[in-house]
Amino acid sequence: MALDFLAGCAGGVAGVLVGHPFDTVKVRLQVQSVEKPQYRGTLHCFQSIIKQESVLGLYKGLGSPLMGLTFINALVFGVQGNTLRALGCDSPLNQFLAGAAAGAIQCVICCPMELAKTRLQLQDTGSVRTYKGSLDCLAQIYQQEGLRGINRGMVSTLLRETPSFGVYFLTYDVLTRALGCEPGDRLLVPKLLLAGGTSGIMSWLSTYPVDVVKSRLQADGLQGAPRYRGILDCAHQSYQAEGWRVFTRGLASTLLRAFPVNAATFATVTVVLTYTRGEDNRSEGEATSTAPRPALAQPSSL
């Protein structure tokens, strides 16, 4: 568990730093008004933010995901690995179930974290700001709306994270095995990057419409009176106003973000686990010269 925690933190930091600008663009595209759209697309959104707010504008709300990073990655990799060991058989179904369990449990931290991140990303620039930072944002929401406000979007987050994490870990495990990822392979890191990036893309594609609904629910009421009564009402109103394409808004920036973020995350986690556990195995091997060579330490099979 200690190594799962360490590797998860390292991978999470790498992923957040690489992908947060894309996430900022995704959220702004998802929640902008259809009557008066501010951005024409992913590239225009990037350009507008940099022009009006500088590069730092792309990193608005960064404190929130970094704040919850330690706990989320400890939960995800710890729960996934222990669930897979408890199931006792390394099968595709168990890979999916272990990932789904990890995704469901981490929602307790993920939902409030994303709520703060979303509101900070949508906050106007200028000297007068509603929120000073992630903690201040959550504190204000709690004062105004209580615990229910802090957990706004929890059900939609659960509906998104549970299946998507199952797809995430299953895809990574299948690809690393298919690509023959082994310690000492000269192409190990590129293979891990490919497997991790592809896993991220498949994970987002599996539940992206739910993410659009979640973003809208968490941003609802920030600029005007609340519009939605719940998940179904949000989906219904969004579809009536903009058609089915509303559920793909921000998809391009999300997929652009998904590959490098998850490539960095999974490659970092796997390399850290492989070499730290490799050292442990070598230490034990000094006492028993017949100890087998350690295999690649995949997060999904530890």
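## Exercises on a predicted all-chain model

A nonpolar surface patch of about 210 Å² is formed by Val13, Leu17 and Leu66. The model is predicted, so that local features need pLDDT of at least 70 and side-chain atom pairs count only at pLDDT 80 or more, while totals for chains, interfaces and linings use all residues. Residues are numbered from 1 along each chain as its sequence is written, and side-chain values use heavy atoms, with hydrogens and water left out.

**Exercise 1.** Describe how helices α7 and α8 pack.

*Solution.* Step 1: α7 (residues 154-178) and α8 (residues 188-219) meet at an angle of about 170 degrees, their axes lying 8 Å apart. Step 2: α7 is therefore roughly antiparallel to α8 (angles over 145 degrees count as roughly antiparallel, under 35 as roughly parallel, 65 to 115 as roughly perpendicular and the rest as oblique). Step 3: the contact of α7 with α8 has 13 nonpolar, 13 polar and three charged residues.

**Exercise 2.** Determine which parts of the chain the salt bridge of Asp90 with Arg177 ties together.

*Solution.* Step 1: the closest N and O atoms of Asp90 and Arg177 are 2.7 Å apart (a salt bridge is a side-chain nitrogen of Lys or Arg within 4 Å of a carboxyl oxygen of Asp or Glu). Step 2: Asp90 sits in the loop between α3 and α4 (92-105) and Arg177 in helix α7, so the pair ties together parts 87 residues apart in sequence. Step 3: Asp90 is partly exposed at 42% relative accessible area, and Arg177 is partly exposed at 46%.

**Exercise 3.** Locate the salt bridge of Arg160 with Glu114 and state whether the two residues are buried or exposed.

*Solution.* Step 1: the closest N and O atoms of Arg160 and Glu114 are 2.9 Å apart. Step 2: Arg160 is in helix α7 and Glu114 in helix α5 (residues 107-121), 46 residues apart. Step 3: both Arg160 and Glu114 are buried.

Terms used. Patches are made of residues with over 30% relative accessible area and no salt bridge: like charges are joined within 9 Å, nonpolar side chains (Val, Leu, Ile, Met, Phe, Trp, Tyr) within 5 Å. Accessible areas come from the Shrake-Rupley method with a 1.4 Å probe; for residues, only the protein chains shown count as cover. Axes are lines fitted to C-alpha atoms, for helices over the stretch in contact, and angles run from 0 to 180 degrees between N-to-C directions. Helices (H or I, at least four residues) and strands (E, at least two) are DSSP runs, numbered from the N terminus. Ala, Val, Leu, Ile, Met, Phe, Trp, Tyr, Cys and Pro count as nonpolar, Asp, Glu, Lys and Arg as charged, and the others, Gly among them, as polar. Buried means under 20% relative accessible area, exposed over 50%, partly exposed in between (1.4 Å probe, protein chains only).
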